Amino acid sequence: MTHVMLQSLIFLAAFSCVYNNVIQWTVEPAVTETPFNWKTSVTFTCKWPPGKRNFGDFNVGDNSVFSDAQYKDIVSTDDPEAAMYANMNDSVGLSTLTIKGVMKTDEKSFSCAVTGIGSSNPITLSVLEPPAAGVTNFNAVADFTSVVLSWDAVEGATSYNVAYRAKDSESWTTETVTETTKSFDGLNVASNYEAKVDAPNAAGIRPGIEPAETTFLTKDNRPPHPVDALAVTAATYNQTSITITWTLASNTAEKRVVTGIVASAVKEKVGNETAVEIPAQNLAADALTATFELGGPGKYVFTVKTANGYSEGVATSATVEHEVKPTTKPPTKPPTKPPTKPPTKAPTEPPPAKPVPIECKDAGDQEPTLGEPLSLTCIVPEGAKYAVTDIKWSYVAGAKELAQEEILKLEGVNVTAIAKTEVITKGESKLVFAKFAAENAGTWKCHLGTEKEDSSPNECAFELTSPPAATVGGGAYTFTLSGSLILATLIASLLH
């Protein structure tokens with residue numbers, strides 16, 4: 001009997017018994033109030049008392065699956081691996097209909113019809129598919145140690161998996177939320193992060209839809225470092241157009257923000273004269289040079305200060321000194337007479353050359369003021385066979401010893417150098433403290449390496465001591481008290 005004949009018989013039988021409890025019509029998994037997740041496979045089973053004229057069929061709505069426009073081509077292949085497969089066994093009164101991977105298009109009413117008996121109650125499928133689209137408009141608003149992530153709602157999504165991680169990290173911090181915004185705290189300042197979010201429901205996430213991603217940088221509240229390698233360039237003794245140069249190596253290495261640079265120059269006071277300030281220059285954050293037109297001969301101090309929104313009250317300045325000479329030419333040697341041939345003598349060994357010592361400026365014991373700038377100067381004299389770059393600095397305080405490479409890593413401590421040239425007869429090596437602190441106390445030395453010709457030994461020692469400190473107002477302020485002031489303070493406290 002063909003399916004067309006069978007459908008006609010079932011159609012006529014349906015008039016006499018539309019819904020017949022004799023037919024057992026079930027589905028696995030069972031239908032509940034919760035929809036089937038898409039791609040779930042379901043199997044309908046139809047059982048009835050077998051008989052010579054009892055033939056089963058499956059209906060979708062009012063049509064047989066074998067004639068339904070959506071299913072007829074699939075089910076007619078009679079392939080167990082097809083998206084729909086009907087297994088008909090009329091001889092035992094048992095048939096099954098399997099739909100592999102239900103979709104939203106399968107949300108229909110299915111029933112079983114048997115000739116001579118009637119039709120079963122229909123079973124209606126409800127299918128939940130994942131959202132058809134992913135997250136859009138994913139934004140990050142970062143502060144110093146926190147970030148607020150937000151995005152647009154996704155139709156069909158019941159939750160959002162939002163996550164962040166430090167850039168180049170392998171692990172994510174993930175939270176599941178139902179809102180379209182999420183805040184994360186405990187981040188590091190001035191750091192790069194990545195974030196992502198996806199939008200699933202109970203059916204999961206549709207294949208091919210990727211999480212929305214973004215990156216953000218937390219704000220930086222660190223003050224900048226002073227500039228590095230501050231130096232003066234001048235071709236002649238009396239050159240008054242002076243260019244100073246520097247680098248931003250320390251700030252670049254630590255990714256510190258510099259929003260502006262101020263360069264200034266001051267002519268030092270001589271006698272009864274007053275110090276002369278040259279107008280300061282407000283420069284771009286990436287500037288590496290500044291040129292000043294000076295008023296004439298004299299000693300000048302050039303200062304370069306880095307700045308950002310958090311540099312107020314912080315030592316971010318570097319200084320270098322330069323002297324403009326009144327002459328245009330370097331000192332010349334007096335004319336010499338033509339050489340005369342001395343009497344011939346037996347050759348003698350020349351006396352050993354005396355070492356040329358480093359000139360020590362203000363060497364010895366010092367008691368600098370806490371919190372004030374301080375510089376220690378060692379001078380390479382004219383005629384020395386060593387250069388200013390041969391001078392190295394060292395530090396000793398008790399068991400603590402530091403070489404120059406370690407000194408340069410200290411906060412607020414720097415080494416500057418002015419080399420000898422044809423016009424500069426003396427070189428200078430300076431150890432500069434932006435602000436002298438108690439932990440800077442100890443013995444600071446400039447010296448030559450033992451391999452240098454003029455070393456035997458050749459050094460300057462600066463003994464820096466920290467003044468005794470007293471705390472006033474519960475530790476809010478610290479300053480040095482003289483003996484008489486301490487006594488006056490003690491008497492005042494006793495009278496009160």
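Cysteine 360 is partly exposed, with a relative accessible area of 36%; partly exposed lies between buried (under 20% relative accessible area) and exposed (over 50%), using a 1.4 Å probe and protein chains only. Its partner in a disulfide is cysteine 460, with the sulfur atoms 1.7 Å apart. This is a predicted model, in which local features need pLDDT of at least 70 and side-chain atom pairs count only at pLDDT 80 or more, while totals for chains, interfaces and linings use all residues. Residues are numbered from 1 along each chain as its sequence is written, and side-chain values use heavy atoms, with hydrogens and water left out.

**The disulfides as a set**

- How many disulfides does the structure hold? There are three.
- Counting bonded cysteines along the chain, the pattern is 1-2, 3-6, 4-5.

**Cysteine 360 with cysteine 460**

- The link of cysteine 360 and cysteine 460 is left-handed, with -80° about the S-S bond.
- This pair links distant parts of the chain, 100 residues apart: cysteine 360 sits in strand E26 (residues 359-361) and cysteine 460 in strand E34 (residues 459-464).
- Strands (E, at least two residues) are DSSP runs, as are helices (H or I, at least four), and they are numbered from the N terminus.
- Is cysteine 460 buried or exposed? Cysteine 460 counts as buried, at 1% relative accessibility.

**Cysteine 46 with cysteine 112**

- Cysteine 46 and cysteine 112 are joined by a disulfide, S to S 1.8 Å.
- Cysteine 46 lies in strand E3 (residues 42-47) and cysteine 112 in strand E8 (residues 109-114), so their bond ties together parts that are 66 residues apart in sequence.
- Their link is left-handed, with -75° about the S-S bond.
- Both cysteine 46 and cysteine 112 are buried.

**Cysteine 378 with cysteine 446**

- The sulfur atoms of cysteine 378 and cysteine 446 are 1.8 Å apart and form a disulfide.
- The link is left-handed, with -90° about the S-S bond.
- Cysteine 378 is buried, with a relative accessible area of 0%, and cysteine 446 counts as buried at 0% relative accessibility.

**A look at threonine 218**

- Where is threonine 218? Threonine 218 is in the loop between strand E18 (212-217) and strand E19 (228-233).
- Threonine 218 is buried, with a relative accessible area of 2%.
- Its side chain has a polar atom 3.0 Å from the backbone nitrogen of alanine 190, and the side chain of threonine 218 also reaches the backbone nitrogen of serine 191 at 2.9 Å.
- Leaving aside neighbours within four places in sequence, threonine 218 is in contact (heavy atoms within 4.5 Å) with residues including Ala142, Phe144, Leu187 and Tyr193.

**How confident is the prediction?**

- The protein has a mean pLDDT (the predictor's confidence in each residue, from 0 to 100) of 84, and 82% of its residues reach 70 or more.
- Confidence is highest in strand E13 (residues 147-150), at a mean of 98, and lowest in strand E36 (residues 477-479), at 38.
- Over residues 1-18, pLDDT stays under 50, and the model has 30 contacts beyond four places in sequence for them.
- Over residues 470-496 the pLDDT is below 50, with 14 contacts in the model beyond near neighbours in sequence.
- Where pLDDT is low, the predicted coordinates should not be read in detail.

Technical notes. A disulfide is a pair of cysteine sulfur atoms within 2.5 Å. A polar contact is a pair of N or O atoms within 3.5 Å; within protein, one must be able to donate a hydrogen and the other to accept it, and residues adjacent in sequence count only if both atoms are side-chain atoms.
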